[in-house]
Amino acid sequence: MSAVIERVVRPIAGLAALVAAIAIHSAAALAQGTTTTGAIRGRVADTAAVALGSAQVVAVNEETGFSRGAVTDDEGVYVIRLLPPGLYTVTARRIGHQPLEQRGIRVIVGSTTASNFALRTASAVLGTVEVVGQVDGVDITQGGIKQTVSEEQIRSLPTLGRDFTDFINLSGLVSPQEDITTGGQFSIAGQRPSQTNVQIDGVDANNSFFGENRGGSRIPFNFSLESIREFQIITNGYDVEYGNYSGGVINIVTKGGTNTHRATVYGNFRNEQLTKDDFAGNPPRDFQVQQYAGRVEGPIIRDRLFYLLSLDGQRRREPFRSVTPALYRADSVRKVANDSASAAVAFGEAARGLERFYSILTTQYGVDDPASQYGDFETTNDVFTLFGRLDWNASDKHRLSLRHNYSDYDNLNEAGTFFGGLTRAESFRNRTNSFVSELTSIFRENVFNVLRVQLSDESRPRDGNSKLPEISVNITPNTVVTYGGASIAFNNYLAEKKFQVINNLTVDLGAHSLKLGTNNIFADIENRFWNRGSGFYSFNNLDALEQLRPSSYTRSVRSDGGIPRAAFGAQEYSAYIQDDWRATPKLLASFGLRYDVSRYGDRPARVIDVERAFGFETGTAPIDNDNISPRLSFTYDVRGDASEVVRLGGALFYGRVPYVMGGNVAITEVPMLDLDCRGAAGEPNAPPVPNYPDWSSTGADNPFNCAGVGGVGGVPTYTFWNPEFELPETWRANLGYERLFGDGYRFSADLLVSASTKLYTVRNLNLRPEQFRLDTEGNRAVFVPRGAYTPSTSATGPARLRNTDFGDLFVNYNDGVARSQAATFTVDRRFAERSQLSASYTYTRAHDNSSYSCCTAFAGFENPRVGAEGPNMIGGAGDDDGAWGPSAFVRNHTVVVTGMTRLPWDIDLTGIWRSQSGTPWAPEVNGDINGDGIRFNDRPYIYASADLPVFTGTRTGTDSTLFVGDTRAFYASVLAENECIGDYVGEILPRNTCRQPWFSRLDLSIRKQVEVRDRRAAEITLDLFNVLNGLDSDWGRYESVTTSRRNLLTPQGYNAATGEVLYTVPETFGDRTQVGFNLLLQFSAQLGARLYF
Amino acid sequence: MSNARPHPRPPLALKKIRRSVATVLAACALLAASACDDEQTPPFEVAGSGDVAGQLFFDADNNGIFSPFGGDTLLTDVEVRLLVRNDTTLIASTRTNDDGRFSFSGVSPGTHQLVVPGQAGITGSLVFCTLPGLASVYIGEQTYLAVPAKRGCVVRIAEAKNVGLNQSTTIAGIVTAAQGTYRGDNVYIQDPTGGIQIFGIPSLGLQLGDSIEVTGRMGQFREELQIVSPVVAPNVVRVTPLAPVVRTAKQITDAAALPGPKSPDVGQLVTVRRILQVGAFASGNATITDATGSIQLRLDGNVAAAIPQATFQAGKCYDITGILGYSFGILQLKPRAPSDVAEVTCPQ
């Protein structure tokens, strides 16, 4: 190896082991501060440590010239508040002492930075002494837990597709979903993702409808990364400004212009040639991702008025493959080569059937060139964001910031299916606007005020490529292809508009600092979600398709024939007060009280029939106005120099309930009916005769009725609020210790506990009382009578509903409970300039009785994997017989290592290593064991293998996964190989006993910057993602046990004489398969370039 | 096969950390002790009860309600049971009083099942077509069920064609050939599954478009199935007359190839278009031929006088509508009136 190569390789190898890093300021906790500014606090003393009162301390922002000052009290303590984040020069002056200046004091949003002075007595020399590059101290004012990702980290760490999720995941307390690689929802400490509150610049940045970040889960970013100064993951924020969360807060802080004119442009590229085969060994097909960004900033009036304008965009094209005759014929050829003649015949038959399908679509359904709707087509995933900000230092007392963020997202031809082609795909769009103004004022020397106002809107049209009813036809006995059918994307539209006003007034009263504030959000929601709105035709075969003879037509229709629409308002009001009391120079105590009021929509119309039938009060919408949350935290600066801090806090928080819960109520105010048309032509319930050539492409003519019935049939379904519904409540507490030691080391340890109650759940008011119990299966309650008990299929409405005049009557309930405990340890060290390492380990336990986070009422009802007592009885904390178990979001172990080092030739190398244990999952029964109408939500009873009641009759269906042979022996092997079930023989399996596999990932970024002239520079970057997978295909694999492989037992029948359910055993239980196929998971490289002007 | 484990085995170091952390966490949990007051919430309890009441009667006038002036009679001392729905579990049992009434009080809210057991021995040949019936109970309310007994429960015509000869059956349909069209004592009726002749009807003056319910025995004349000894329920409703279905000669013969007189087309109102040739008549029958094949035209009964044979001329083409009859294996199109025969331009 040449010396040159060795010089390069050796550091890389070392880095791969250690992983280079950038320190994360996990230490700190929340400042009493605000969500857009920070503070500097310190003590001025003489060289003998005698406090110096009446000293003047001034902090000047090194980039903008913004300055603010304070005077020390009798104990020499000063606090300078409301400082925009950045680097400051702090100068302390006092008559009779030599002034001292400290440069490079970093102010972080929401934190208080320590800056202490020891002034020498003035003698002959009165010049100012400068101290540069002070090491960041420990935040000495925060009792909670916060992790900050700095601008430097954002710029230098590898991020695949500039996805801000990559930065959020730097916190070990964040649990990313393994199959979701873009933003959206973040579980913090195992809590429901919807309980995470996302905000930008201290104002709401949520899509409150779904309980996710504005822009949703498909978009990689909806704000320009170029405009971001830092991310903060706030797990326990005791400041009374923080509310409406029970999981955590993600605060994103933007930056403004400075006194320096700057500009930068950036671009990156990735395609199939830079991407490895997926985990199944399939090479990626043609795709391209290009991203671009730019930023320009500078002063309009030096030291007074600044601007910053940035944009970020993505153009992404990915192929999607759907069925064609040629694909079948290719398979046919392959099967012949493999001597599987029968399979070849079947593929040939399918190819011919597909061609006839196309022909019939043309002749009978008026479709031009249907073949063009199948085969390979391209999906788009394009984002454009634009951000602008003005900062005006209007006077020494007033500072005004105005900013606007716009994003435009097109996700076209998404969600297609292999057998449905392009017409089954949909176009998802997202547009957001957010305008924020912030006025920071100093009314008097000790009175400060921050006023923020936000106006935001978000719209999400989601349209199927074809809005005509889906055609589903068997082209061979075992092959079903489809055409059209928007299903949930049938003129789907969501709009969320918000107006928010926040005001915080802070008054310094010596040892006390009093904060009074209010935060109010007024939201208007419009949702046109028409589940199964397009209608669905099924044809038994191609002859029936040709003769326009469907076997069925189903559709969910509104009882008045109208379009389902929910339009309502939601309001959140809060008022709060907090006292930060410096009890001693080392001990800071913070006491707060916050009062929250939440109101969800207008009261829906009463449903008198339901009140008559059930005695249940309808027509209610929650107004929760008795929420008073106390906050208490302490920090103890052990040495008085911000080098060792103990922090402790505890508080009550009220979370937010996704507005979709109100939407589910509003959209059934006029009830929905299930239209189910079957039968021969001429029968009253026969399907309507399809007439595609004459029907409008908008879906306006899609039938509302069966062929022979004048009105809409079916029984009404509703969703109601429980009259006693209240917001989730979470008690949180933490104990932390942080210390600087040695040569640049920082260590922190934090312990967290939380206990949540009143988490939202969904019940079914119309589920029958239990009818009998299966005493052979853990005394499991069954909700249909023995005479109607067919555990192999879902119980029908007439069998399982209490009153058959109604369908499902869902009720937004709130008996969800959760517990979470976590411990996180962080060590970081700066070795030298541009060489840092940070490592954290987080252990998290989280349990709940329902991991429902969003969205439909049905999803809420079916979410808890139920035991003996059924879906309406999920039990409380610790009730394993109910639905108590590990949270579906928790990862018990997370190790995150980040680092940075400088290689020869000034090449910078950064990296992120994340290793995490898998999330819990629950084995299920592939049937409806308890007759609640839902398959796959019942936890199995674990028989001893010798006792398993084995089905020996003729199996229904064509499930090829069933084991054929000695079923009990095979079942015994399943028990032996899977401790997560084998340890529970003789009982109904507790919830979520199994775990997904661990996952480890290493991402690296290599960059080289070349100075050109006059501050101009060029930078080339090479980002490497999932490097382990690049080294060996067996490493870095994203795998999971998918839903279909969680079926432990398949009920085939019921022996009423013995009371036993008879089972077969699927062969695929617990098998792990590749997660996703979205080209973001396997090893890939990304080339980028940036120019600085 | 899988390796799903309850707790994936972490490295030893992690185990130690975990153990010590768990200890600390247990202490920390005390901090949140005040929140550990969860109580298991009971499922919805639907409190209260309601009543189920009703009346059993013979519904002579077939209107579904007890109307003594329509000839309805009360059914007294008949046992009535309320069962758990979809089950045989008895909730309560009672007998009808002298007014034919029954009632159950204090019934839990929900939908239950009402049955009259052993009804054949008590009510003779009458049947309760609405039983087992569903009774949805609302809180504090009485759910009332009028339970009419009838001579038979309506089945589809296609289903009726499969009952044995001389077996009683009840069908409902719309008149497609009125009384007096062919004979004074027969009509044809049709439902979505087919049509059939009703023979031996008293003089009721049934017209095209009358919706009727008929109970009678299944009979046969020249192999064509028909309802004989009919009793027509009195609640005749006039609706829109049915339009004929369009068939070719071949479609008619193909459809009847195996089921013969049970073909869905037999007894239905049918139009055969573009008949190219009407053969010579013999005994009121003539062969008619369209482009696909041939069947027989029959000028039946009164129609023979209404539609002279001379109506049909050689070299001309016709669209002919009529009831499709069946006579010893021969499919016969039986027009009902001159308006059923329309001369059309012959195809080139």
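Confidence in chain B of this predicted model averages a pLDDT of 85. Of the residues in chain B, 86% reach 70 or more. Two stretches fall below 50. One covers residues 1–21 of chain B, where the pLDDT is below 50. Beyond near neighbours in sequence, residues 1–21 have 38 contacts in the model. The other covers residues 23–38 of chain B, again with pLDDT below 50. This second stretch has 31 contacts beyond near neighbours in sequence. For the model as a whole, the scores are ipTM 0.80 and pTM 0.84.

Chain B holds 5 helices and 23 strands. Its length is 348 residues, and buried residues make up 38% of them. Among contacts in chain B with a separation of 6 or more, 59% link residues 24 or more positions apart.

Four strands of chain B were examined as a sheet. The sheet is open, and its 4 strands follow the order 4-3-6-7. Their pairing is antiparallel. Strand 4 (90–95) and strand 7 (133–137) of chain B form the edges, each pairing on one side only. From one strand to the next, the twist averages 25°. Strand 6 (residues 110–115) of chain B is joined to strand 7 of chain B by 5 bridges. Within this antiparallel pair, B:H112 of chain B has B:A135, in strand 7, as its bridge partner.

B:G118 has 10 other C-beta atoms within 10 Å. The cut-off for an exposed residue is 12 or fewer, so B:G118 is exposed. The C-alpha atoms of B:G118 and B:E79 are separated by 8.5 Å. Along the chain, these two residues are 39 residues apart.

Helix 4 (residues 249–256) of chain B has a buried side. Its buried residues are B:A249, B:I252 and B:A256. Seen down the axis of helix 4, they fall within an arc of 70°, so they line one face of the helix. Several strands of chain B contribute to the cover over these buried residues. Among them are strand 16 (245–247), strand 17 (269–275) and strand 19 (285–289). Strand 20 (294–298), strand 21 (317–327) and strand 22 (330–334) are also included.

Pairing in chain A includes both senses. Strand 26 (residues 470–476) and strand 30 (residues 536–539) of chain A run parallel and are joined by 4 bridges. In strand 30, A:F539 is the bridge partner of A:V473. Strand 30 of chain A also pairs with strand 31 (residues 552–558) of chain A, in the antiparallel sense, over 3 bridges. There, the bridge partner of A:Y537 is A:Y553 in strand 31.

The largest nonpolar core has 176 residues. A:I40, A:V44 and A:I80 have the most contacts inside it. Strand 42 (residues 809–832) of chain A gives the most to this core, with 8 residues. Leaving aside residues up to four places away in sequence, A:V44 touches A:L52, A:A55, A:V57, A:T72 and A:G76, among others. Its contacts also include A:Y78, A:A92, A:R94, A:F117 and A:L119. Another core, of 44 residues, lies apart from the largest one. Its members include B:I196, B:V303, B:I320 and B:Y326.

How values were computed: Residues are numbered from 1 along each chain as its sequence is written. Chains are lettered from A and ligands numbered from 1 in the order in which they are written. This is a predicted model: local features need pLDDT of at least 70, side-chain atom pairs count only at pLDDT 80 or more; totals for chains, interfaces and linings use all residues. Two strands pair if DSSP finds at least two bridges between them. Helices (H or I, at least four residues) and strands (E, at least two) are DSSP runs, numbered from the N terminus. Axes are lines fitted to C-alpha atoms, for helices over the stretch in contact, and angles run from 0 to 180 degrees between N-to-C directions. A nonpolar core is a set of buried Ala, Val, Leu, Ile, Met, Phe, Trp, Tyr and Cys residues joined through C-beta atoms within 7 Å. A residue is buried if 20 or more other C-beta atoms lie within 10 Å of its own, exposed if 12 or fewer, and partly exposed in between; C-beta atoms are placed from the backbone. Two residues are in contact if their C-beta atoms, placed from the backbone, lie within 7 Å. pLDDT is the predictor's confidence in each residue, from 0 to 100. The arc is that of the directions from the helix axis to the C-beta atoms.
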